Amino acid sequence: MSSETSSPSSSPRQIVWNDLDKSKYYFWGCTVFLGIRLCVYPTNLIKTRLQVQRGTSVYRGSFDAFIKVFKSEGILGFYRGFPIFALGVLFGQVYITTYEYAKHRCNHLNVVMQGLLPGAVASVAGQTLSVPADVVTQRLQILGMLRQKEMTSSKYGAPVAAKPADHTLLGICRKIMVKDGLSGFYRGYLVSLMSNVPTSGIWWATYNCLLAHSGRYVAPDSQGHHKMPVQAVSGVMSGVISAVATNPLDIIRTRIQVGGSRSVVYVTRKLWSEDGIGLFVKGLSARALSMSTSSFLIILGYETVKRLSLRQGSGGGSSSETVQYN
């Protein structure tokens with residue numbers, strides 16, 4: 001980008017890896033993101049149930065799912081599997097550390113590649129740790145849907161069975177080990193990479209582009225950084241765009257991880273036979289809501305963490321590491 005459009009002295013800059021006090025960064029990161037995960041988990045649970053169900057056998061849509069979960073399972077029903085999901089705070093630190101370091105190494109590239117490449121690399125690192133937790137969490141999430149089916153059947157005379165032993169955390173882990181061994185905890189690992197690597201890359205590339213363009217029109221804050229509302233709006237838009245772009249891949253990933261065939265081709269064909277063109281929008285509203293909400297909270301949290309973790313004397317934007325606008 002030509003110098004007359006944007007100049008380093010007047011345009012906002014992002015807080016980068018070398019600006020941070022790492023001990024503050026990891027303390028505030030774990031604290032803030034645990035709270036964020038608590039907020040976004042209910043929409044994540046609804047998204048998983050909608051993607052796993054066949055047709056509209058249990059829920060007719062996102063709103064119907066929220067109502068039925070609340071009526072049949074109460075508030076705690078929205079947090080089935082949350083303790084395992086909360087471990088993602090630790091995995092998230094691995095993810096974001098990888099992203100920031102990779103971005104630091106890619107600071108000579110243009111704004112798109114500074115998001116796309118580090119986002120993809122960070123996703124590989126994060127998924128290697130988080131896929132086992134995802135597999136267990138998703139199985140815990142759909143237990144309430146299975147009970148809902150049983151309750152529906154009971155209306156027509158079928159008895160509701162007692163809670164099976166494998167409907168617990170230990171029971172699910174034991175069942176996975178017996179059926180598939182350790183590889184069962186990495187069910188869908190490759191397809192998880194197929195889904196989450198492009199999602200992560202697209203999200204960060206979009207976020208960086210939006211910040212770069214907004215920097216031409218919105219003045220920086222008192223420390224020379226992008227203003228928080230600009231970052232929040234950019235995060236929400238990045239979440240929606242990446243959700244729409246990769247929704248079919250996320251559905252395939254979820255189906256493989258919760259059980260059944262591990263063949264991407266077989267699962268894709270089965271989904272197509274069940275939903276046809278609807279495959280592209282199945283659970284999309286819940287996923288877009290989940291990703292836009294989480295993106296809003298994550299960016300507010302993450303940028304706040306970075307501000308709280310600035311090294312003394314680094315707040316004024318003196319670092320030479322900046323986002324390239326070319």
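These notebook entries record what I looked up in the structure.

**Entry 1. Basis**

I worked from a predicted model, in which local features need pLDDT of at least 70 and side-chain atom pairs count only at pLDDT 80 or more, while totals for chains, interfaces and linings use all residues. Residues are numbered from 1 along each chain as its sequence is written, and side-chain values use heavy atoms, with hydrogens and water left out.

**Entry 2. Overall make-up**

I listed the secondary structure and found eleven helices and zero strands. Helices (H or I, at least four residues) and strands (E, at least two) are DSSP runs, numbered from the N terminus. I then looked up burial, where buried means under 20% relative accessible area, exposed over 50%, and partly exposed in between (1.4 Å probe, protein chains only). Of the 326 residues of the chain, 49% count as buried.

**Entry 3. Nonpolar cores**

I took a nonpolar core as a set of buried Ala, Val, Leu, Ile, Met, Phe, Trp, Tyr and Cys residues joined through side-chain atoms within 4.5 Å. The largest has 22 residues, and those with the most contacts inside it include Tyr-25, Trp-203 and Tyr-302. Two or more residues each come from α1 (22-52), α4 (88-105), α8, α9 and α11 (284-308). The most, five residues, come from α11. For Tyr-302 I set aside neighbours within four places in sequence and found contacts with Tyr-25, Phe-33, Ile-96, Glu-100 and Trp-204. A second, separate core has 17 residues, among them Tyr-41, Leu-50, Phe-78 and Val-258.

**Entry 4. Phe-296**

I located Phe-296 in helix α11. Its relative accessible area is 36%, so Phe-296 is partly exposed. Beyond residues up to four places away in sequence, Phe-296 touches Ala-232 and Val-236.

I counted 15 salt bridges, each a side-chain nitrogen of Lys or Arg within 4 Å of a carboxyl oxygen of Asp or Glu. Arg-13 pairs with Asp-19, the closest N and O atoms being 3.0 Å apart. Arg-13 is buried at 8%, and Asp-19 is buried at 4%. In the bridge between Arg-49 and Glu-73 the closest N and O atoms are 2.7 Å apart. Arg-49 lies in α1 and Glu-73 in α2 (residues 62-73), so this pair ties together parts 24 residues apart in sequence.

I also looked up His-225, which is placed in the loop between α8 (189-214) and α9 (228-258). His-225 is buried, with a relative accessible area of 1%. The side chains of His-225 and Arg-13 are joined by a polar contact of 3.4 Å. Such a contact is a pair of N or O atoms within 3.5 Å; within protein, one must be able to donate a hydrogen and the other to accept it, and residues adjacent in sequence count only if both atoms are side-chain atoms.

Key. Contact = heavy atoms within 4.5 Å.
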